[in-house]
Amino acid sequence: MINAVDHIGIAVMDLEASMGLYKTIFAVAEFHREKVEEQGVDIASFSLNGVRIELTAPLHDSSPIATFIAKRGEGIHHIAFHTDAIGDDLQRLHSSNVRLINTEPQNGAHDMLIAFLHPKSTGGVLMELCSEK
Ligand code: ZN
């Protein structure tokens, strides 16, 4: 069951510059840093009362984040929702004709399983489901 907002993904080109900006706005004391090779992303995140803000930069030109920024520029990339049963939710959404980018859960940051829903099926919002392994 989908039960919370887990994080908001923000596409950025220059992670260091963005961390500086978010430090200024939110007085972030410390960022969690992580590269997720499988997704082609370099992440710096911090938590605001349980909701993570994930600054996400491309690791290389073929990263989905690089493609997104080339098309739409930097900005909000996706909203991630926490679920306690990602496999069941993907099946349920698939049977409800919601288009899935990932039909099977993938490895994401924070040692979580993730899967993206296609924005063509979600009113233009890129949604991610994530759950503990
Ligand atoms: Zn995410």
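Which residues coordinate the zinc ion? Start your tour there, keeping in mind that this is a predicted model.

**Stop 1: the zinc ion.** Select the zinc ion together with His-7, His-78 and Glu-128, which coordinate it at 2.0 to 2.1 Å. Along the sequence, the donor residues follow the spacing H-x70-H-x49-E. Now colour strand E1 (residues 2–11), which holds His-7, and strand E5 (residues 75–83), which holds His-78; the pair therefore ties together parts that are 71 residues apart in sequence.

Are these two histidines buried or exposed? His-7 has a relative accessibility of 2%, so it counts as buried. His-78 is buried too, with a relative accessible area of 6%.

**Stop 2: strand E3.** Next, select residues 41–48, which make up strand E3. Asp-42 sits in this strand, and its relative accessible area of 12% makes it buried, because buried means under 20%. Show its surroundings: beyond its neighbours within four places in sequence, Asp-42 is in contact with Leu-15, Arg-33, Glu-34, Lys-35, Leu-55, Thr-56, Ala-57 and Leu-59.

Then move to Leu-48, also found in strand E3. Leu-48 counts as partly exposed, at 39% relative accessibility.

Stop 3: To finish, highlight helix H1 (residues 15–26), which supplies the largest share of the nonpolar patch, three residues.

Key
Residues are numbered from 1 along each chain as its sequence is written. This is a predicted model: local features need pLDDT of at least 70, side-chain atom pairs count only at pLDDT 80 or more; totals for chains, interfaces and linings use all residues. Side-chain values use heavy atoms; hydrogens and water are left out. Donors are N, O and S atoms within 2.8 Å of the metal (3.2 Å for Na, K and Ca); water is not among the atoms, so sites may look incomplete. Helices (H or I, at least four residues) and strands (E, at least two) are DSSP runs, numbered from the N terminus. Buried means under 20% relative accessible area, exposed over 50%, partly exposed in between (1.4 Å probe, protein chains only). Contact means heavy atoms within 4.5 Å.
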